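Please look at the sequence and the model before reading on.

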Amino acid sequence: MDTKRPDAATISSIKQRAALLSVMATLLLTGAKGIAAILSGSLALLTDALQGLIDIGSTLFTWFAVRAADKPADAEHHYGHGKVEALAALVETAILFTLAGAILWEAISRLWSGTVDAVTVTPIVLGVILFSMIVDAIRWHSLRKVAAETGSEALAAEATHFSADFVGSALVLVGLIAAWLGFGRADTIAAFAIAAFMAYSAFKLGRRTINTLLDAAPAGLSERLSAAAGAVPGVVAVEWLKVRPSGGQTHGEIGIRVSRTLPLDRVVAIKDALVLALREVEPGAEITVTANPIQVDDETALERVLLIALKLKIPVHHVTVHSIGDRLSVSLDMEVDSRLPLGEAHEIATRLETAIRAEFGGETEVETHIEPMETGTPPGHNAAWDAVEDIGKALAKEAAGLDGPIHDIHSVRVRQTPNGLVVNYHCRVDPALDVAAVHAAVDAIERAVRIARPQVCRLVSHAEPAHLRQPA
């Protein structure tokens with residue numbers, strides 16, 4: 001079954017159409033009930049007709065409230081105008097309580113004065129009541145359905161109102177029939193029953209409306225949203241969650257914890273995935289996500305050093321971390337602009353070392369090696385074929401001479417740059433061998449080649465599992 005929530009424009013159209021149809025139906029029924037009350041002389045039916053006059057104003061107010069609630073957010077109403085619907089529901093509550101009180105007052109007055117109900121029951125009167133009940137039942141069902149689909153507080157209040165109308169008409173019918181059969185107080189007793197049911201409906205509606213106006217979270221929603229958030233990959237924990245309903249839409253804020261070692265783009269991806277997960281639980285929800293970085297339990301010392309350098313925007317590589325007794329020893333290569341004076345470069349290194357000691361403790365041993373970083377893009381070109389062939393053979397010879405795991409040297413590329421030759425090549429290795437062993441073997445080959453050919457300033461190797469085909 002497709003449970004996709006309609007878009008905002010469709011929801012607005014559905015709500016406004018339902019409210020307008022309700023206005024038209026109320027006008028028709030109020031006129032019919034008034035005529036029937038005059039013909040029958042029934043107090044219960046007269047109170048039902050008078051209620052219809054108020055219903056006209058109520059449904060018109062609901063129609064205007066639904067239209068106003070769908071206005072977008074503006075400079076003065078940052079969360080939109082959804083609370084207008086809750087205000088309409090509160091007015092409905094007041095109307096129901098007022099009607100219940102008026103009906104109760106008139107019924108008590110009749111009993112106190114000893115007035116005997118004198119009612120005339122005709123087929124027209126019965127037909128009007130039955131027709132009214134049918135229309136109210138249809139409106140009750142349809143408005144409740146639309147309110148559930150769109151989350152409209154105003155239409156939910158209207159549905160409650162018409163449920164009271166339906167029950168009231170049913171009680172009027174019972175009272176008329178009983179009075180016609182000779183029970184002199186039946187019509188007045190029916191009026192008491194109508195007032196009681198109306199007051200009960202008003203109480204339920206008022207409690208729900210006040211909860212909305214006081215931003216009470218819908219029952220169970222916070223638990224469902226928290227569970228969905230905790231299941232999103234990358235969310236370490238949910239720190240807090242605040243939600244509130246407004247005009248059929250849920251607004252809120254959620255704070256989550258993520259690992260501080262994650263790059264910014266990964267954090268953004270986690271937040272986007274979280275929003276989608278929350279909307280699966282509560283369609284159309286507008287929930288702001290705040291991600292707070294924390295140190296997770298499985299964070300390594302190396303990750304912590306790299307994170308410090310990343311925050312300081314200092315490129316580092318060859319980071320090593322060792323335990324020396326009860327303290328750590330950290331060494332690393334730090335890259336700075338090659339044109340930077342040594343004094344300024346040393347200040348950068350000092351700032352990095354201070355940050356590392358602040359993270360691990362003042363006794364931490366930190367050594368930085370300052371390297372020049374080429375910030376531009378110096379020109380280069382492919383070296384002559386004989387140079388490529390010579391270096392390719394040298395790589396293959398060294399690999400075979402070391403009798404190590406490296407074999408099948410291929411895709412050798414040699415580029416001439418202002419700093420010397422840059423060599424890139426691929427080789428094949430047993431896929432079961434660990435990375436450390438492969439790296440050691442590659443380093444041994446490259447050291448031998450650079451000693452024999454000092455014009456080579458850099459070698460970059462790409463080790464492939466032996467089962468992969470050579471790229472075209």
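## The largest core

The largest nonpolar core has 20 residues, and L395, I406, V423 and Y425 touch the most other members. Such a core is a set of buried Ala, Val, Leu, Ile, Met, Phe, Trp, Tyr and Cys residues joined through side-chain atoms within 4.5 Å; buried means under 20% relative accessible area (1.4 Å probe, protein chains only). At least two residues of this core come from each of α11 (385-401), β8 (407-417), β9 (420-429), α12 (435-452) and β10 (456-465). Helices (H or I, at least four residues) and strands (E, at least two) are DSSP runs, numbered from the N terminus.

Leaving out residues up to four places away in sequence, V423 touches I391, L395, V412, R413, V414, V456, R458, L459 and V460. A contact here means heavy atoms within 4.5 Å. Another core, of 18 residues, lies apart from the largest one, and its members include L221, V235, I270 and A277.

## Two packed helices

In α7, L221, R224, L225, A228 and A229 meet L274, A277, L278 and V281 of α8. These residues divide into 8 nonpolar, no polar and 1 charged, where Arg is among the charged types and Ala, Val and Leu are among the nonpolar ones.

## The chain and the model

The protein chain has 12 helices and 10 strands. Of its 472 residues, 39% are buried.

This is a predicted model: local features need pLDDT of at least 70, side-chain atom pairs count only at pLDDT 80 or more, and totals for chains, interfaces and linings use all residues. Residues are numbered from 1 along each chain as its sequence is written, and side-chain values use heavy atoms, with hydrogens and water left out.

Terms used
Buried < 20%, exposed > 50% of the residue type's maximum accessible area, 1.4 Å probe, protein only.
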